[in-house]
Amino acid sequence: MSDHIHDDKIKELEIKANQIRQSLIESLVSAGSGHTAGPLGMADIFTAFYFHILHHDPKRPDWDERDRLILSNGHIVPIRYATMAHAGYFPIEELKTLRKFGSRLQGHPERERMPALETTSGPLGSGLSQAAGIAYGARIDKKAFRTYCFMSDGEHDAGNLWEAAMFAGKYKLSNLTGIVDRNNIQIDGMTEDIMPLEPLREKYEAFGWHVMDIDGHNMEAIVDAVQEAKAIFEKPTLILAHTIPGKGIEKIEFDFSWHGKPPKPEEGEQFLNELRTLGGQIQSEHE
Amino acid sequence: MNKAKLVDNLADKNNLESFPTRDGFGKGLVQAGEQDERVVVLCADLSESTRTHWFKEKFPERFIQMGVAEQNLATVASGLAQYGKIPFIASYAAFSPGRNNEQIRTTIALNNVPVKIVGAHAGISVGPDGATHQQLEDIALMRAMPRIVVVVPCDMVEARKATLAIAINNQPSYIRIGRSNTPVFTTDKTPFEIGRAEIFRQPAVTADVAVIGCGILLYNALVAAEELAREGIEATVVNSHTVKPLDGKTILAVAKDAKAIVTVEEHQISGGLGSAVAEFLAKNYPVPQEFIGVQDRFGESGEPEELIEAFGLGVEAIKTAVRKVLKRKS
Ligand SMILES: Cc1ncc(C[n+]2csc(CCOP(=O)(O)OP(=O)(O)O)c2C)c(N)n1
Ligand SMILES: [Mg+2]
């Protein structure tokens with residue numbers, strides 16, 4: 001991978017993210033339950049990872065040298081499913097089985113049903129510990145792959161997560177990168193009202209992490225931040241990705257009531273239209 | 001006849017009211033708050049799902065938002081109870097008493113303080129969320145722990161009564177509630193007392209079998225009993241809503257009468273009500289027993305009714321278990 005990402009590639013990733021958002025909406029409508037805001041907000045980051053950042057092979061999900069992507073906040077898994085389908089892990093058609101009886105696409109991710117998911121999650125706050133365990137094991141065996149852990153902001157209420165942060169800091173797990181979906185919402189309201197998290201950056205720094213703040217919808221920023229993390233040799237890195245919950249669909253953006261409900265079929269049509277008419281030209285907020 | 005004062009149109013499922021047990025809890029909680037100002041409610045970022053938002057609206061100064069932190073939820077509540085409050089702690093059963101089991105053990109049970117643990121979204125009937133959220137081991141966890149009263153209401157009305165009852169029992173207590181709409185088949189007049197099982201169906205003649213259940217599947221047990229009666233099989237149906245302390249007296253009486261037992265619960269067979277009944281009867285009056293429950297596996301995504309059938313918890317499964325136990329009767 002080259003150090004700098006070309007404009008063509010950025011454009012390509014943006015178009016891909018838009019297509020993935022469409023698949024996400026379709027699968028949520030078909031499921032009739034599930035989470036919408038978080039998954040939309042993480043669409044750009046998932047796209048950047050599966051289509052540019054990760055060393056992976058959809059045809060060989062058990063490839064030993066693959067980068068590990070651990071999703072801690074399992075409730076946003078529909079966006080992972082949609083991205084993985086587009087990346088070639090399974091047929092896009094299968095997204096329609098989301099949350100249905102017998103499907104591999106469980107409401108919360110299950111490793112036993114789809115090993116490429118790496119871990120089972122949903123109960124919040126325990127992904128970083130597992131990622132740290134993987135990263136530690138990889139270091140013992142001098143493996144070159146990197147471990148990424150996606151987390152939500154709401155789950156930073158949980159003690160388990162801070163135990164992991166302390167552990168990764170202690171052992172200077174520089175092969176571990178955390179990415180936080182800093183969208184400021186959780187179920188009962190805004191994170192700073194429910195349980196104030198700030199100053200999040202300083203908290204991680206105090207625990208021995210290298211921390212970066214980025215616009216989580218800017219492809220270039222996402223790619224650059226991960227690149228920078230690879231150059232930090234004595235600390236784990238945390239990327240605070242500032243995202244807009246519901247990003248891409250005006251009605252959903254910033255509205256925490258969309259945390260845990262799917263679009264109704266009529267809404268789905270309307271949202272798909274909105275995404276389609278953008279024609280893949282999603283512009284970053286910070287450009 | 002209808003001593004349990006159940007609804008008259010019991011068998012008419014389509015015309016019964018349908019509400020989740022969590023609604024009954026939410027209403028009972030507001031009432032408990034009105035009756036005793038020591039009642040405080042702690043919730044871990046799930047106030048609407050657990051229906052504690054009704055209490056929050058009414059008594060904002062007695063509602064405490066903990067964030068997604070179930071271990072702190074249990075332990076702060078322990079402190080509040082040691083101080084003299086009556087704390088209800090509400091989350092999904094998967095996380096409380098799932099995640100915070102040791103905190104409950106040491107700071108609530110061993111400390112012996114009256115914290116009320118509310119396990120919402122329990123059972124397979126959670127539906128599409130899948131295995132991580134379908135708590136099927138909570139009764140076992142809570143029942144194995146000394147001092148904890150364990151109550152599993154069968155419908156919305158009973159959930160309200162159970163909530164009011166544990167609010168004043170001055171003991172550490174666990175109440176299990178569910179997410180999905182289920183038939184409301186008890187009434188305000190149906191007797192309810194912690195630690196006392198209620199006979200919901202009593203055949204006029206000696207019973208062939210006694211079906212002992214708790215929770216929402218009790219409705220399926222009653223329907224199964226009606227259908228079996230048409231085949232000439234007479235079943236007593238017992239609502240053992242309090243899994244701990246178990247009402248040994250009632251269970252012994254129905255076992256002596258029927259001499260065959262089927263237990264029914266939306267929980268792993270291992271460690272639940274069925275186990276409690278078996279432990280008791282093995283010692284006091286051994287009779288053949290069949291167990292309706294989840295058979296040592298995790299749940300999965302699906303619609304609640306679909307899962308109830310797929311996991312062998314439906315009416316047909318109960319009838320099959322009854323026929324099976326009758327064959328084992330000497
Ligand atoms: C241990 C645990 N407690 C509670 C929950 C229920 N829950 C699911 S998502 C969520 C909100 C967390 O906030 P966040 O992940 O930031 O939500 P989002 O931004 O995706 O809306 C909660 C409390 C859970 N999944 N795990
Ligand atoms: Mg959030």
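The legends below describe close-up views of a predicted model. Local features require pLDDT of at least 70 and side-chain atom pairs pLDDT 80 or more, whereas totals for chains, interfaces and linings use all residues; side-chain values use heavy atoms, without hydrogens and water. Residues are numbered from 1 along each chain as its sequence is written, with chains lettered from A and ligands numbered from 1 in the order in which they are written.

**View 1. Ligand 1 lies between chains A and B.** Around the ligand are 20 residues (a heavy atom within 4 Å); A:His75, A:Ser152, A:Asn183, A:His259 and B:Glu70 come nearest. By class, this shell has seven nonpolar, nine polar (Gly among them) and four charged (Asp, Glu, Lys and Arg) residues.

View 2. Taken alone, ligand 1 exposes 590 Å² (Shrake-Rupley method, 1.4 Å probe), and the protein buries 99% of that.

**View 3. Chain B meets chain A through 24 residues of chain B and 25 of chain A (contact: heavy atoms within 4.5 Å).** The two chains bury about 2,000 Å² between them (accessible area lost on being put together, 1.4 Å probe, summed over both), 50% of it on carbon and sulfur atoms. B:Asp45, B:Val68 and B:Arg99 supply 26% of the area that chain B buries against chain A, more than any other three residues.
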